[in-house]
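Open the model in your viewer and keep the selection tool at hand. The stops below go one at a time: select, look, move on.

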Amino acid sequence: LTNQTLPYHFKTSNASIQDLNEINAAVRPGLLKIVNSDFFKYFKLNLFSECPFWDDNNGFCTNRACAVDLIEDDKDLPEYWKPEALGKINDLNDLDNQPIDAQDELLNQLCNKKFITGNHYSPLNCRDIDYCDVDYITNHPDAVLVDLVNNPERFTGYGGEQSGLIWKSIYSENCFLIDDKDTESLAKEVFYKLISGMHASIGVHLSNDYLDTKTGNWGPNLDLFMFRVGNWTDRIENIYFNYAIVAKAIQKISPFLQKLEFCSQYDNQTLNLLNGLSTHIDENIFHEELIFDGELSSALKDQFRVKFKNVTKIMDCVHCDRCRLWGKVQSTGYATSLKILLEMDNDPMFVINSLTKYELIALLNTFDRISKSVQLINNFEVMFNEKYNTD
Ligand code: FAD
């Protein structure tokens, strides 16, 4: 799996899978400290917002009780093994019962700068540069703070027709209307790789933290991993593609982190960790300027922006809370990476100043998810060789 050079159809990175594995081994300890720190472990979202795209009339279930389809026959399962229970969010730190001001207060104690909210229009080209609906996520009256560390991404039993249809509608956002057909197909390919890499990464996590309903034990399931991801070279590749994209976005904002002042009061340590992370990432890990073969038009960027905003909104149609949580975090993380990679060259400080706390939290947690996936792919490869290459 992992010894191959990435057969990129893209010329966006010269890094081989081996190079990315080595970078990952170097960044992993610092990244773990970051995502376990107080600032980065709380994410805010509205778990109860209605799916904005469809209703019962066209076959999707919007009723919370009916929406969780079972992968397995649940009749014989104990209550706590059912998807509703497995996909539940644990321990909202009692913050969900507190008024929104109290929740904000907690985060503001960790951070002495109020983040700008609302739409961000670049003064240079008068364009909206928001790639996700972060203002909606965080300012909604029903939004709650969730401790990501207490709610790991894992097998939830969520599946069947409902989740299949959600994935289908996410993939079908992949429709770009651009005069230049070559650019249009490149845009489609980049969008597809990003979504497929996110989808595959979720598959790696649920295969690794899998509940064996016969024994009641949690642990890695090699066969499930092979079925979902390991047997598909392109899915492995897309995970590494996403790794390179998110890593480059973090590397790109690193010179500006001190200027972010997002937490100068509470934590130089976190800033140091963030800076430490980027020292392991070479700027050549990904060449965003080569994605589209030439000048990237505002029209194309806008289409990417709208597509990604829709993907973050489609997550409101996911009726497994834990899946929705991580779906929101990761779609917001990828949207933030795109915002940094596609918009910063025009007007770096404007983009930096427009980054919200939650975009940053999502970015780092998405890097952690994809970084753990890379680590797990290597673990599964060892398991595979032990099981099947016995000579
Ligand atoms: P699905 O994964 O539903 O895939 C549907 C179809 O897409 C497949 O038949 C295949 O043709 C294609 N496909 C599959 N993978 C890829 C890929 N990487 N690239 C391109 N095409 C692909 N389940 C959990 O247990 N834990 C979670 O945390 C979790 N989070 C989720 C988050 C979201 C946003 C969604 C929509 C679902 C989530 N799920 C989660 C459910 C999980 O992703 C699967 O949908 C579910 O396990 C059923 O899997 P499946 O084999 O039927 O195929």
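Which aromatic cluster do Trp-167 and Tyr-171 belong to, and what is its other member? Select Trp-167, Tyr-171 and Tyr-192: together they form one aromatic cluster. Bear in mind throughout that this is a predicted model.

**Stop 1: the aromatic cluster**

Start with helix α6, residues 160-171. Trp-167 and Tyr-171 are 4 residues apart in this helix, so about one helical turn separates them. In general, an α-helix has 3.6 residues a turn, so residues three or four places apart point the same way. Trp-167 is buried, at 17% relative accessible area. Tyr-171 has 23% and is partly exposed.

**Stop 2**

Select Tyr-158. It sits in the loop between β4 (144-147) and α6. Is Tyr-158 buried or exposed? Tyr-158 is buried, with a relative accessible area of 13%. Next, show the side chain of Gln-162. The side chains of Tyr-158 and Gln-162 make a polar contact at 2.3 Å.

**Stop 3: the whole fold**

Zoom out and switch to cartoon. The protein has 15 helices and 6 strands. Of its 391 residues, 58% are buried. Take the contacts with a separation of 6 or more: residues 24 or more positions apart account for 82% of them.

**Stop 4: the disulfides**

How many disulfides does a search of the whole structure find? The search finds 2.

Select Cys-51 and Cys-317. Their sulfur atoms are 2.0 Å apart in a disulfide. This pair links distant parts of the chain, 266 residues apart. Cys-51 is in the loop between β1 (42-45) and α3 (83-86). Cys-317 is in the loop between α12 (298-314) and α13 (321-343). The link is right-handed, with 75 degrees about the S-S bond. Both Cys-51 and Cys-317 are buried.

Now select Cys-320 and Cys-323. A disulfide joins them, S to S 2.4 Å. Why is this disulfide right-handed? The torsion about the S-S bond of Cys-320 and Cys-323 is about 70 degrees, so it is right-handed. The two ends differ in cover. Cys-320 is buried at 4% relative accessible area, whereas Cys-323, at 22%, counts as partly exposed.

**Stop 5: the nonpolar core**

Hide the surface and show side chains. The largest nonpolar core holds 92 residues. Within it, Phe-43, Phe-225, Tyr-243, Ile-253, Leu-325, Leu-364 and Phe-367 touch the most other members. Center on Phe-367. Leaving aside neighbours within four places in sequence, Phe-367 is in contact with Val-27, Leu-31, Tyr-243, Val-246, Ala-247, Ile-250, Leu-277 and Ile-281. There is also a second, separate core of 6 residues, including Leu-86, Leu-206, Leu-211 and Leu-224.

**Stop 6: helix α8**

Select residues 222-230, which make up α8. Which residues here are buried? They are Leu-222, Leu-224, Phe-225, Met-226, Val-229 and Gly-230. Color the partners next. The buried residues of α8 pack against α7 (181-208), β5 (210-212), α9 (233-253) and α15 (357-388). Then go to the start of the helix. There, a side-chain oxygen of Asn-221 reaches to within 3.2 Å of the backbone nitrogen of Asp-223.

**Stop 7: ring against ring**

Last, look at aromatic pairs. A search of the whole structure finds 9. Select Phe-43 and Tyr-358. Their ring centres are 6.0 Å apart and their planes stand at 85 degrees, so the pair is edge-to-face. Phe-43 is in strand β1 and Tyr-358 in helix α15, 315 residues apart. Both Phe-43 and Tyr-358 are buried.

To finish, return to Trp-167 and Tyr-171. This aromatic pair is tilted, at 6.3 Å centre to centre and 45 degrees between the planes.

Terms used: Residues are numbered from 1 along each chain as its sequence is written. This is a predicted model: local features need pLDDT of at least 70, side-chain atom pairs count only at pLDDT 80 or more; totals for chains, interfaces and linings use all residues. Side-chain values use heavy atoms; hydrogens and water are left out. Helices (H or I, at least four residues) and strands (E, at least two) are DSSP runs, numbered from the N terminus. Buried means under 20% relative accessible area, exposed over 50%, partly exposed in between (1.4 Å probe, protein chains only). Contact means heavy atoms within 4.5 Å. A disulfide is a pair of cysteine sulfur atoms within 2.5 Å. A nonpolar core is a set of buried Ala, Val, Leu, Ile, Met, Phe, Trp, Tyr and Cys residues joined through side-chain atoms within 4.5 Å. A polar contact is a pair of N or O atoms within 3.5 Å; within protein, one must be able to donate a hydrogen and the other to accept it, and residues adjacent in sequence count only if both atoms are side-chain atoms. Rings of Phe, Tyr and Trp (its six-membered ring) pair if their centres lie within 6.5 Å; planes under 30 degrees apart count as stacked, over 60 as edge-to-face and the rest as tilted.
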